[in-house]
Amino acid sequence: MFLKKYQIKVVSELKSFYSKARETKDAFDTARKALPEDMRHTLNWVQTSFQTAVKDYKDRCTNGLGEYYPRVVIKVPTGGGKTLLAVEAIREYQNIFARKRAGLIVWIVPSETIYSQTVQKLRDKSNPLRQLLDQASGNKTLILEKGQHLTTHDIDENLVILFIMIQSISRKNGKEALKVFQDSGGFESFFPADNRYDLHAELKKACSNLDLISEIGPVIKTSLGNAIRLSKPFFIIDEIHKVFSDTARETIDGLNPEMVLGLSATPKAEMNILTTVSGLELKEEDMVKLDMHIIPPSGRKKDDWKTMLQEIRGHRDALEKKANRYRQNSGLYIRPIALIQVEATGKDQRGKGRVHSLDVKEYLQELKTNPDDIAIKTSAQNDIEDVDLFAPDCNIRYIITKEALREGWDCSFAYLLGIIPNVNSDTGITQLVGRILRQPFARKTGVVELDESYIYYSKGDTRSILERVDAGFKNEGLEDLVSKIKVRDNESINPAKKVKIRKEFRSKFESAFYLPVWVMIEQGDKKRRFSYELDIKPYLDFSTFKITDSIIERLNASLSDETKERQSIIVTLDAASKVSTKYEYSEVNGTKEINIDYLTRRYAELMENSFYARKLAFSHIKTLTGKLGKEKVEEHFGFITAFLHVLLSEHKKITEENLFLEYLKAKKIVLAVSNDPDLGFKIPYEDDIVVGRIPNPYKYYLFEDVDLISMNTLEQKVGDILDRQEKILWWFRNKVSRNWYSIQGWQEYKLRPDFVAAKKGNNGNLELVYILESKGEHLAGNADTLYKQKMLDIMTEQKKHKAIYHYEQAKLPFGQANDNVEFYLVEQGKEEKDLKKYFR
């Protein structure tokens with residue numbers, strides 16, 4: 001399964017945090033041993049981890065034992081693939097932080113619909129998400145639901161994913177009322193026999209926040225909550241903002257998590273936000289159907305819902321014709337669905353002056369709609385239960401609802417939303433908006449009508465519908481895409497316009513519009529754009545990666561009891577039948593073994609040739625067992641796998657960079673400007689922007705107007721600083737899209753700088769062009785930033801050594817394209833100082 005660019009960014013941030021957290025925790029665990037036992041919990045390794053990762057540490061949480069643990073949040077909009085991100089988070093957690101394949105994951109989901117959909121996907125062994133989990137577990141994944149039996153053997157042998165509904169931990173009526181904490185069967189293996197009060201007392205001493213049936217004895221509850229506490233699991237919480245009340249947080253803390261990862265489109269300000277995915281990133285990756293068109297009532301009668309239904313029916317039928325033609329050309333099936341929101345649904349609610357679900361169904365049938373095409377989804381009637389809406393043999397084209405689809409429902413075939421209630425008072429719209437935004441197959445069709453979404457309404461005013469839709473976008477984490485809303489017959493709402501490069505700049509400085517790119521020189525002096533796929537990927541040589549004596553020494557020095565699978569609290573009887581407690585470590589998957597398949601899969605993540613990955617895995621295990629002994633490798637196999645994966649990943653990055661630098665040294669690759677569109681790059685002559693409420697505040701912006709709505713705070717600040725520099729000629733913000741400036745370096749994904757700015761000399765002519773990448777403070781020092789810094793430095797060196805080449809396809813009217821270009825990374829907090837230095 002290929003990740004989108006924003007998903008790769010999220011996984012990269014997760015891996016970096018897990019790695020820093022693991023290193024910090026190991027160091028603190030060693031230091032903790034020197035402290036008295038009653039002081040050990042005071043060391044806050046989590047705070048140091050956040051400081052090392054340069055992340056804000058706001059939510060300072062401790063578990064039921066008084067131990068610090070990290071609770072981090074990923075802000076990801078609706079439609080951003082949260083399930084895939086959660087699976088990747090589990091995989092990397094197991095590989096990097098837990099360093100094991102077995103263990104317990106508690107996955108908390110917000111609604112019955114999402115619960116059943118996610119469980120169904122992950123139980124299906126042919127589903128790519130399940131296959132990713134199986135790769136992490138060595139094909140030992142166990143999907144459980146609350147109410148099913150759970151044993152210590154399950155957790156020792158498998159990667160157990162336990163699903164729990166959000167209501168199980170978020171109620172305000174006290175944990176005593178929640179089934180998770182009630183005494184029940186199915187968890188006996190975690191606890192001593194009921195009559196062994198001595199063993200219960202020892203276990204309670206080792207894990208002090210276990211619930212008791214009775215203080216006398218004592219007797220520990222045989223509950224799921226207590227089993228979770230003893231297992232210290234990793235928590236995934238979808239829509240974590242819904243379980244962030246004091247009561248809910250106290251409940252989660254009391255379950256003794258090792259770490260919590262929350263996913264939310266609307267995280268709270270006091271959360272530890274690890275990374276953020278914007279709506280624009282989803283749009284650029286074809287994840288959402290935008291623009292969204294709002295179609296007001298067509299006639300003078302503002303509450304004519306029947307006319308609205310006629311329009312929706314005609315529009316939906318037209319979309320299906322286009323979808324059928326698209327299927328003939330692409331083989332991909334889409335059946336556009338219209339959602340109709342009504343005013344009443346109950347049996348006793350009809351005939352009371354409100355439009356009922358049956359009224360709508362009957363009228364659609366009067367319009368010659370097949371009854372099989374119509375479904376009703378209410379709390380009392382669910383015609384879409386257990387129906388695969390994506391199946392070609394499914395007939396459903398209209399779904400009538402009031403509130404039942406407000407949350408948790410997911411079908412990317414939904415294109416149209418018809419609203420019968422008055423939009424001036426209908427708060428349900430804010431939830432329904434997100435139901436029509438997902439793009440089928442997470443990729444654009446190229447058919448404009450099938451790549452956009454549509455809202456019809458019959459009562460209310462435009463201002464109210466815009467406010468509701470605006471709120472809906474914010475609820476879905478898509479607040480930066482509000483400008484993509486269009487209202488039919490009202491060009492004043494988010495009007496789009498084409499802007500051109502300003503005449504005074506175009507006439508004088510066109511030579512500076514050609515920007516340098518890397519060009520590959522082939523045999524016979526043939527030239528083409530440098531390509532990772534052609535010039536780096538095929539030449540990656542993993543055979544030079546050897547398990548050397550120094551690597552073995554480093555590995556051996558890292559191995560300790562802490563690097564085995566996990567620490568367990570064991571209560572036993574000694575030879576004299578007296579109580580004895582100790583800490584023991586379970587082995588990999590509960591048994592000593594070396595799993596070549598698992599190591600092979602981890603290696604195959606870094607290379608395309610899975611056969612070679614297996615050969616390399618065999619070779620490395622043979623070397624390690626020869627040097628360290630088979631038993632030691634078996635005991636620490638999870639840690640060793642993670643250790644080797646990190647080394648091989650570093651080797652890959654070094655190899656990529658060395659290949660690039662060798663090309664550069666041999667002049668097989670050069671930085672060049674060219675007017676050949678297949679070889680070089682020229683700033684686009686036109687740009688499409690949304691006209692904002694605020695007029696263009698910039699005097700030196702290259703284009704006639706600027707899209708302020710899409711600029712984040714840091715970008716606006718950099719723009720403000722650039723525009724007031726004495727020696728600024730012009731500047732513009734580069735866009736993250738196919739037709740705008742990008743730099744292909746030695747890593748697979750292109751660098752897309754944020755700004756291009758031209759500096760004038762003392763005579764007012766062009767002196768220099770700067771390519772600028774702005775970087776948030778929280779990203780300073782991470783691997784991605786260091787790579788960008790290195791690449792930009794190399795490009796600037798080419799300019800300083802006068803090594804930017806010219807490959808003009810035809811003679812330019814102004815002579816040569818400009819080659820005075822320098823490349824810099826501007827850090828948040830230093831932007832004023834750096835930009836003043838460049839424009840002195």
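**Close-up views of a predicted model**

**View 1. The loop that holds D291.** D291 is placed in the loop between helix 11 (279-284) and strand 12 (292-295), where helices (H or I, at least four residues) and strands (E, at least two) are DSSP runs numbered from the N terminus. A cis peptide bond, with omega of about 15°, joins L290 and D291. This is a predicted model, in which local features need pLDDT of at least 70 and side-chain atom pairs count only at pLDDT 80 or more, while totals for chains, interfaces and linings use all residues. Residues are numbered from 1 along each chain as its sequence is written, and side-chain values use heavy atoms, with hydrogens and water left out.

**View 2. The loop that holds V54.** In the loop between helix 2 (45-52) and strand 1 (61-62) lies V54, which is not a glycine and yet has a positive phi of about 55°. Most residues other than glycine have a negative phi, and most peptide bonds are trans.

View 3. Strand 21 (residues 517-522) pairs with strand 25 (residues 669-673) in the antiparallel sense over four bridges, and V519 stands opposite V670 in strand 25.

**View 4. The packing of helix 23 and helix 25.** Helix 23 (residues 713-723) packs against helix 25 (residues 831-838) at an angle of about 35°, and their axes are 10 Å apart. In this contact (heavy atoms within 4.5 Å), L714, K717, V718, I721 and L722 of helix 23 meet E831, E832 and L835 of helix 25. By class, the contact of these helices has five nonpolar, no polar and three charged residues, where Ala, Val, Leu, Ile, Met, Phe, Trp, Tyr, Cys and Pro count as nonpolar, Asp, Glu, Lys and Arg as charged, and the others, Gly among them, as polar.

Definitions and conventions: Axes fitted to C-alpha atoms, helices over the stretch in contact; angles between N-to-C directions. Pairing = 2+ DSSP bridges.
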